[in-house]
Amino acid sequence: MSVLSELSHIHVDKARSAEDRRAQRRAAGRDNKSGYLFLLPWLIGLFVITIGPLIASLYLSFTEYSLIQPPTWIGVDNYLRMLHDARLHNALRVTFTYVIVGVPLQLILALAIAVLLNQGMRGLAFYRSVFYLPSMLGASVAIAVLWRQMFGVDGLFNQVLRLFGFEAKTGWISDPRYALWTIILLHVWTFGSPMVIFLAGLRQIPGMYYEAAAVDGAPRWRRFTKITLPLLSPIIFFNLVLQIIGAFQSFTQAFVVSNGTGGPSDSTMFYTLYLYQRGFGEFEMGYAAAMAWLLVVIVGALTAINFWASKYWVFYDD
Amino acid sequence: MTDLTARTEFEAPPAFDPSGGKVTATPYHRTRGMVRSVVKHLLLLAASLVMIYPLVWMLVSSLRPTDVIFRTPGLWLNDLYVKNYTEGWNALAQPFGHYMINSAIVVIGAIAGNLLSCSLAAYAFARLRFRLKTLWFSIMLVTIMLPFQVVVVPQYILFNQLGWVDTFIPLVLPKFVATDAFFVFLMVQFIRGIPRELDEAARIDGCNHWQIFTRMMIPLMIPALATTAIFTFIWTWSDFFTPLIYLTSPESYTVPVALRSFLDSTSGSNWGAMFAMSIISLVPLFLAFLFGQRFLVKGIATTGGK
């Protein structure tokens, strides 16, 4: 069970009748003390590190606060400011482009390679390692450094293009038209971790389904769309939701590639990077808190839409 | 998916061949199958090359003078330009080893914190029955998906008021209160795969929950603990945002922040040394991946399944 299916199945635990509920309460009473003792560290974390700050940031979003003087209440001014902040709108556009292009590309590639690898290939372990490795390194500053070199004017990418006779004078990182795309490419490069999840899912599909389809003479593509895709849909859904949430929070690569500026001309100004600049560059903590809440609302809404849409395409066979 | 309990058998049984291995009996089919297989391997090898080439090239380039780096897309090395490493190592206020030690301290603290706090919470969620458990469990699942930016500003203010900015405490302490809820979930999944009869037998023998947890669960949970440790290692080692906001003085920098300040200070002129230090910073990640891959694959399969 993934995080998501757990969440949607959570009501199953509920007792059905009053009698059940009483019995459950009796049984539940048994471990109350130990239960809460074991849970204590997590509960402290939940309230001190998560829920407390969550409420505090909601409050701060209605204030002006620069860390030096106590916060002053300014009502919805931060939110009104967001309506007119052109750089914020640009940051939203950049981030949405990144998510809408990068996430599906990465997942399609992950799925395609996983399906290919699942066909009883020799060297599966080798290929899996090679494809998985970049996703374990991809979040590091070192890889962002490499990307900066690779897509510079005389970087590796242009050098290779020149080998093939192209003129290749574009600085991909320094041209506002392309800078974002190099970071999207970096995201696609890390398709290994969803691929590993797909591979695990593919192995759960009973072989008899394919055997039956083969006996019926179903062509390969048919077998993929009628067996593999439906049975894998919960995992596609899982990857989609988590990758979208993760992609909205991307920070390191844009920060390093643009040297913290989000440039050239704000073309790599990710939402989180702009939030960082406002909050920790300018110490506009109130505005940063408001931005953070907008992010939660956006991510929450997208996740809700995803859950709603999943009714129409995600297939649970249990 | 609770097949994590098969602890010794990490490789799943060979998957059924959907390409129809059983109906390719005729010579025509066999040839076609072979061509298909060769094409597939060529495709995958080409993809592997594209994926890995930049990494290998960076490794090779870290042994070249900067001007050669910018003219040589190939991998042939005429001689080893080790100067990149000695220069890079001493390019910042502290030798690079200093930042590696800082990172190591943070990583070890984070691993210890996650192992301890997440396993406690996971045992409660998976095995104990207590009031409001369903509610807490749902909240835990939601926090996995909560963007951390929404809590980062007040957290910063809190740690700032406690005087903990520019210490490792804000980087390590949250791990001791199970804020990486993803691992709680991973361990819950794992414990669910351990037969309950074992607990019940221990209960009958008079063990209390603490004894069951420490003497029985912990040893049985070692694969899940290993997965947690390795993921924590990789994520904490490359974490950039948290040290960026909390570590203000260069002496306390961790490796990612040090690398980035190096990039800043040379403004991209000494790429050889940059590459050399980048490679050094990747080595621990690579080793963790190399030796921990089976745990990573297994762990990711447990939490990502349907």
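Modeller: The axes of helix α12 (residues 220-248) of chain A and helix α15 (residues 285-313) of chain A come within 10 Å. They cross at roughly 170 degrees. Axes here are lines fitted to C-alpha atoms, for helices over the stretch in contact, and angles run from 0 to 180 degrees between N-to-C directions. That makes α12(A) roughly antiparallel to α15(A), a label for angles over 145 degrees. The crossing of α12(A) past α15(A) is right-handed: the near helix is turned clockwise from the far one by less than a right angle. From α12(A), the contact uses A:Ser233, A:Phe237, A:Leu240, A:Val241, A:Ile244, A:Ile245 and A:Phe248. From α15(A) come A:Leu295, A:Val299, A:Leu302, A:Thr303, A:Asn306, A:Ser310 and A:Trp313. Contact means that C-beta atoms, placed from the backbone, lie within 7 Å. Helices are DSSP runs (H or I, at least four residues), strands likewise (E, at least two), numbered from the N terminus.

A word on the source. This is a predicted model, where local features need pLDDT of at least 70, side-chain atom pairs count only at pLDDT 80 or more, and totals for chains, interfaces and linings use all residues. Residues are numbered from 1 along each chain as its sequence is written, while chains are lettered from A and ligands numbered from 1 in the order in which they are written.

Now a second pair in chain A. Helix α5 (residues 86-117) and helix α9 (residues 179-189) pack at an angle of about 35 degrees. Their axes are 9 Å apart. This crossing of α5(A) and α9(A) is right-handed. On the α5(A) side, the residues that meet α9(A) include A:Val94, A:Tyr98, A:Val101 and A:Leu105. Among their partners in α9(A) are A:Leu180, A:Ile184 and A:His187.

Next, the chain around these pairs. Chain A has 15 helices and two strands. Its C-alpha atoms fill a box of roughly 65 × 55 × 35 Å, taken along the principal axes. Of its 318 residues, 43% count as buried; the cut-off is 20 or more other C-beta atoms within 10 Å of a residue's own, with 12 or fewer for exposed and partly exposed in between, C-beta atoms being placed from the backbone. Take the contacts in chain A between residues at least 6 apart in sequence. Of these, 69% join residues at least 24 apart.

Note on methods. Parallel < 35°, antiparallel > 145°, perpendicular 65-115°, else oblique. Contact = placed C-beta atoms within 7 Å.
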